[in-house]
Amino acid sequence: MALDKSEVLAGLTEIIVDETGLPAESVAPGKSFVDDLDVDSLSMMTIVTLAEDKFSVRIPDEAVKDLTTVGEAVEYIVAAEAPH
Amino acid sequence: MRGSTPPTPARAQILAIDGVRGGRLVPNDDLIGPIDSSDEWIRQRTGIITRARARADQSVIDLAADASVRVLARANLAATDIDAIILATVTHFFQTPSAAAILAERIGARGAAAWDISAACAGYCYGIGHADALVRAGAARHVLVVGAEKLSDFIDPTDRTISYLLGDGAGAAIVGVGATQGIGPTVWGTDGSRAGLVGQTRGWREPGAAPPTLTQEGPSVYRWAVTAIPKLARQAVAAAGIDLADLGAFIPHQANLRIVDQFVKALKLPDHVVVARDIVETGNTSAASVPLATERLLREGTVPGGALALSVGFGAGLAYAAQVTRLPGGEQ
Ligand SMILES: CC(C)(COP(=O)(O)OP(=O)(O)OC[C@H]1O[C@@H](n2cnc3c(N)ncnc32)[C@H](O)[C@@H]1OP(=O)(O)O)[C@@H](O)C(=O)NCCC(=O)NCCS
C-alpha cells in the first residue's frame with residue numbers, strides 16, 4: 001500500500017522537530033536540511049533511522065547523502081520499498 | 001567422571017574497578033592539521049576536547065599492568081589470588097604469545113590461566129561475561145578482566161575517519177565470588193555482515209605495504225549504533241529483571257558523545273541515571289573505555305558504590321555486549 005505524501009510529511013516533520021527543537025512551522029518541503037534546518041550529517045542519520053521505523057521503509061546509507069531537502073526525503077519514503 | 005561433581009554454583013560480583021589513562025591529554029588543535037579539521041568540528045560532532053595518549057615508550061602491556069596493580073590494591077588482593085586473566089585488546093602487536101600471559105608474569109600472577117580476547121570496543125563487556133561464567137561455574141575464584149589499548153600505535157595522523165577520536169588507557173576489574181549475584185546476564189553477539197565497517201586498513205602480510213592502521217565508515221557505524229544499541233541495552237536490563245529506573249548509572253562505550261546522547265534519548269533514560277561522558281577528556285579508548293568511564297564515576301563520587309550500572313560495548317566485528325552489574329563498594 002503506497003504511503004500518502006501529506007501523512008509522510010507530517011510524520012517526518014514530527015521527527016525533525018524532535019531532533020532539532022525547531023518549531024513545526026519552519027519545516028516545509030522546500031527546506032534544505034543542512035542550510036535551512038541546521039541538520040548536520042549525524043542528525044540526518046538519526047532522522048533517517050527514525051523515519052525507517054516510522055514508515056516501515058528502507059533508506060540505505062548511500063541514499064542519505066542525496067536527500068537534500070525535506071521534500072526529497074518525502075518523495076523517497078513514498079517511493080521506497082518496504083524492508084525484507 | 002568421578003570427583004568432578006560440579007560445586008554448588010557460586011555467585012559472581014565485581015569486587016573492584018580501576019584504571020589508568022595515557023599521561024598526556026592531547027587537545028584537538030594538535031591533530032587538526034593533517035586531517036583538515038577544526039577544534040569546533042571535532043567538539044560539535046564528537047564532544048571530544050582532549051584524548052589521553054601514552055608515552056612512546058609505554059606499551060599496551062605497561063598500561064594493562066598499571067591498571068592491574070591498582071585494581072588488585074583496591075580489592076585488597078595479592079596477584080597470587082588471581083586464577084585467571086582475560087585481557088581484551090586489539091593493539092597488542094603479537095598474535096602470540098598473548099599479552100595476557102606476559103601481563104600475568106609482570107604483575108606476579110605466574111600460574112594463572114591467561115588469554116587475550118579480540119572483541120574491539122565490546123571487549124571489556126565480553127570479558128565480564130566470560131569472568132561471570134567462570135566464577136559461577138567454579139572454574140575460578142578471582143578473575144582479572146582488563147581492557148587495554150594503545151590505539152596511538154595504530155593511528156595514521158592523516159586519516160580523518162577515526163584517528164582524532166582515539167586515546168590510550170587501560171581499565172581493570174576483578175570478578176570474584178560474592179554473597180549475592182552482582183552481574184546480570186550478558187546479552188551479546190556479532191554481525192559479521194558488517195565486518196568491513198570498522199577495522200584495519202589492511203592485514204599484516206601485504207608485501208611491501210606499511211603496517212596497518214585503523215579506519216572506519218563512520219556514518220554507517222553511527223547509524224548502526226543508534227539503531228541497534230538501545231535495543232541491546234533494553235534486553236540487558238530486562239534480562240537482569242530490573243527496569244531502567246532502577247539503574248544508578250549508564251556506561252556505554254565512549255565512541256562519540258553524540259551517540260551517547262542519542263542512546264539516552266532513545267531509551268528515555270530517567271534523569272536520575274548518571275550517564276558516563278568520559279570521552280570528552282579521554283577520547284575513545286576501545287576496550288578500555290567502559291572500565292575507565294566507570295572508574296571516573298566512582299572516583300568522582302557521581303555514583304555511589306553498590307549502585308546498578310548498565311554497561312554496553314560495541315564496535316569492530318561488529319561485536320556488541322551489554323550487562324547490568326552492581327558497582328563495587330557500598331552494600332554488596
Ligand atoms: C566519525 C564520525 C564522528 C564522523 O562524523 P560524520 O558527520 O558522520 O562524518 P561524515 O563522513 O558524514 O562527514 C560529514 C562532513 O564532515 C566532513 N568531515 C568528515 N570527517 C571530518 C573530520 N575529521 N574533520 C573535519 N571534517 C570532517 C566531511 O567531509 C563531510 O563534509 P561535507 O558535508 O562538506 O561533505 C561519526 O560518523 C561517528 O561517530 N561514527 C560512529 C563511530 C563509532 O561509533 N565507531 C565505533 C567504533 S569504536
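Before the structure itself, a word on conventions: residues are numbered from 1 along each chain as its sequence is written, while chains are lettered from A and ligands numbered from 1 in the order in which they are written. Because the model is predicted, local features need pLDDT of at least 70 and side-chain atom pairs count only at pLDDT 80 or more, although totals for chains, interfaces and linings use all residues, and side-chain values use heavy atoms, with hydrogens and water left out.

Let me start with chain A. Chain A has 4 helices and 0 strands, where helices are DSSP runs of H or I with at least four residues, strands are runs of E with at least two, and both are numbered from the N terminus. Along the sequence, the pattern of chain A reads α-α-α-α. Its radius of gyration is 12 Å, close to the 12 Å that the globule rule gives for 84 residues, so chain A is as compact as a globular protein of that length; the radius is taken over C-alpha atoms, and the rule is 2.2 Å times the number of residues to the power 0.38. The C-alpha trace of chain A spans about 30 × 25 × 20 Å along its principal axes.

Turning to burial, 44% of the 84 residues of chain A count as buried, and here buried means under 20% relative accessible area, exposed means over 50%, and partly exposed is in between, with a 1.4 Å probe and protein chains only. In chain A, 58% of the contacts with a separation of 6 or more are between residues 24 or more positions apart, contact being heavy atoms within 4.5 Å. As for charge, chain A carries 5 positive and 18 negative side chains, and the centres of these two sets lie 2 Å apart; Lys and Arg count as positive and Asp and Glu as negative, with His and the chain ends not counted, and each charge is placed at NZ of Lys, CZ of Arg, CG of Asp or CD of Glu.

Now to chain B. In chain B there are 9 helices and 14 strands. With a radius of gyration of 19 Å, close to the 20 Å from the globule rule for 332 residues, chain B is likewise as compact as a globular protein of its length. Its C-alpha atoms fill a box of roughly 65 × 45 × 40 Å along the principal axes, and 57% of the 332 residues are buried. Of the contacts in chain B between residues at least 6 apart in sequence, 76% join residues at least 24 apart. Chain B has 30 positive and 31 negative side chains, and 4 Å separates the centres of the two sets.

How is chain B divided into domains? The assignment, which is an automatic or database one, gives domain 1 (12-177) and domain 2 (187-326). The C-alpha centres of these two domains of chain B lie 14 Å apart, and 48 residues of domain 1 are in contact with 45 residues of domain 2.

Next, the backbone details. Most residues other than glycine have a negative phi, and most peptide bonds are trans.

For positive phi, A:Ser56 has a value near 50°; A:Ser56 lies in the loop between α2 (41-55) and α3 (61-64) of chain A, and is partly exposed at 45% relative accessible area. B:Asp36 also has a phi near 50°, in the loop between α1 (32-35) and α2 (39-46) of chain B, and counts as exposed at 64% relative accessibility.

Finally, where does B:Arg45 lie, and is B:Arg45 buried or exposed? B:Arg45 is in helix α2 of chain B and counts as buried at 16% relative accessibility. Leaving out residues up to four places away in sequence, B:Arg45 touches A:Asp40, A:Ser41 and A:Leu42 in chain A, together with B:Asn256 and B:Arg258 in chain B.
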